Amino acid sequence: MPDPNPHYQKLPDGTLKHRHPIYGTEVWTVPDRSSRPFRKAFLSPQPIKMAEPENYCDFCQANYFKTPPEKTRLILTPNNSYQTLGPLSAAELGRSKALFRRVTNLFEIVPLNYWLKNHDFRLSAEQIQWQKDYLAQPQGMKHILEVVDTKLRLTGKTAEQIQSIPAKEKLHLADAFFGGNHELIIACQHFKPGAQFDNELVSAGDLSATDHAQYFLFTIAALKDIHASNPYIRYVMVFQNWLHAAGASVEHLHRQLVGMDSYGPSLEQALQAVHKDPNIYNSAIIDFSAKENLVVAENDFAVGIAELGHQFPTLAIYSKSRALRPEDHTPEEVAGISDLAQAFHAATGNQTPCNEEWYYTPRGSQDRIPWHILIKWRINNLAGFEGGTKIYLNPLTPKDLKDRVVPKLKELRALNKIAKMNIGDECRPKLAPLLYGQR
Ligand SMILES: [Zn+2]
């Protein structure tokens with residue numbers, strides 16, 4: 001007999017039909033398809049020649065001048081504390097090694113012009129001052145013009161065309177470097193120490209739990225600053241694409257933030273769902289997952305599950321905090337959530353393409369959703385069946401996913417590669433553990 005839960009029907013032949021309780025996405029997992037070979041990101045790894053400083057892509061340490069200027073940079077000081085610098089001048093770029101750095105995306109999803117033309121947005125006094133100071137140094141001027149030239153070349157302009165554009169016009173194109181709202185947080189290392197092959201990339205799971213927490217805090221500082229500098233932004237989407245197959249144009253660890261003047265359909269759906277049933281994230285997601293034995297890991301601040309109803313196998317991390325937005329969480333709470341994310345990336349491994357997506361209550365919203373993070377394994381392609389039916393074939397049931405991840409987490413814990421947490425059957429989440437917005 002089918003399971004009575006309409007969102008999670010286990011059929012006698014082993015098929016699982018599941019539907020996301022918030023997004024309504026209908027998913028089938030059919031027995032045997034989970035044993036189909038998954039797409040491997042690296043079929044034949046190629047040897048690499050070690051370079052110090054690293055020089056494998058435009059995000060590497062040797063190429064600080066190939067990205068737009070740095071809004072902020074996080075460094076490790078000689079006495080092992082973290083320090084944020086910035087905004088930096090061109091002269092300062094080579095003076096320290098960046099653990100993480102924050103720059104405007106060269107190809108913005110929502111470009112500066114969108115804000116200038118549609119919202120009458122103007123750069124803040126601080127941004128204008130930084131731009132003036134940056135361009136006043138010959139090294140700064142050279143940097144900016146070179147990056148603009150690179151952008152023009154990448155958009156298909158010939159060398160002659162680029163040369164014929166007056167410097168004044170090029171500098172105008174560079175306004176986005178100082179006031180744009182699509183940003184990158186770029187991590188330090190490209191390859192693991194001592195790497196010999198090009199598949200030995202540093203993924204988020206290869207960072208220490210401590211550095212990963214700093215990666216989160218540095219991202220959240222950028223999120224706050226984007227809101228502060230552009231009052232027309234209603235929501236900042238935060239995401240990380242890992243490997244080309246998951247949409248990354250550069251295979252060097254980085255996260256992106258995009259300021260938006262609307263929420264987009266996913267967040268709208270989530271807000272509508274909590275408007276009808278404020279407790280839905282507890283009842284339909286966390287309590288349901290506990291009942292179905294889908295809890296993967298837990299600590300004092302977050303609970304991680306293998307989530308039902310996604311097109312791709314999806315690990316989810318939910319904040320237990322009363323706070324609704326990343327920037328309202330304490331550093332300790334952020335670290336707790338980051339610990340589960342780092343561990344899940346480590347268990348996923350650096351060879352699996354994945355997307356990390358952040359969701360949280362937008363500023364000004366009366367409806368409340370908890371801060372949560374989805375990590376989607378991009379191991380299956382959507383094909384004609386999905387297009388024709390809107391039924392998605394996910395190769396792994398949430399239980400299959402949990403059973404793959406839990407032993408990996410235990411292995412990683414034994415090697416001290418992840419922070420302290422309860423794993424699998426050690427988790428005992430209490431009923432309704434998410435306090436989002438509860439007073
Ligand atoms: Zn690189």
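User: How far apart do the C-alpha centres of domain 1 and domain 2 lie?

Analyst: This is a predicted model, in which local features need pLDDT of at least 70, side-chain atom pairs count only at pLDDT 80 or more, and totals for chains, interfaces and linings use all residues. Residues are numbered from 1 along each chain as its sequence is written. The protein is divided into domain 1 (61-257) and domain 2 (273-426), with bounds that come from an automatic or database domain assignment. Their C-alpha centres are separated by 28 Å.

User: Which element supplies the largest share of the side of domain 1 that touches domain 2?

Analyst: Contact joins 27 residues of domain 1 to 26 residues of domain 2, two residues being in contact if their C-beta atoms, placed from the backbone, lie within 7 Å. On the domain 1 side, α7 (209-229) and β8 (235-242) each supply at least two residues; helices (H or I, at least four residues) and strands (E, at least two) are DSSP runs, numbered from the N terminus. The largest share, 9 residues, comes from α7.

User: What is the order of the strands in the open sheet?

Analyst: Two strands pair if DSSP finds at least two bridges between them. β7 (residues 182-187) and β9 (residues 254-260) pair in the antiparallel sense over 5 bridges, and 5 bridges also join β8 to β9. Further along, β13 and β14 (residues 372-377) run antiparallel with 6 bridges. The open sheet has 12 strands with antiparallel pairing, in the order β5-β4-β6-β7-β9-β8-β13-β14-β12-β11-β10-β16.

User: Which strands stand at the edges of this sheet?

Analyst: The sheet is open and has 12 strands. An edge strand here has a single partner strand, so one side of it is left without a neighbour in the sheet. The strands in that position are β5 (82-85) and β16 (422-423).

User: Which residue of β14 stands opposite Y359?

Analyst: β13 and β14 run antiparallel. Elsewhere in the sheet, L184 has Q256 of β9 as its bridge partner, and V238 stands opposite L257 in β9. For Y359, the residue opposite in β14 is H372.

User: Within what arc do the buried residues of α12 fall?

Analyst: The end C-alpha atoms of α12 (residues 398-414) are 24 Å apart, which agrees with the 24 Å that its 17 residues should span. P398, L401, K402, V405, V406 and L409 are buried, whereas P407 and A414 on the other side are exposed. The buried residues pack against elements including β10 (295-298), α10 (331-348) and β16. They line one face of α12 because, seen down the axis, they fall within an arc of 125 degrees.

Conventions
The expected span of a helix is 1.5 Å times one less than its number of residues. A residue is buried if 20 or more other C-beta atoms lie within 10 Å of its own, exposed if 12 or fewer, and partly exposed in between; C-beta atoms are placed from the backbone. The arc is that of the directions from the helix axis to the C-beta atoms.
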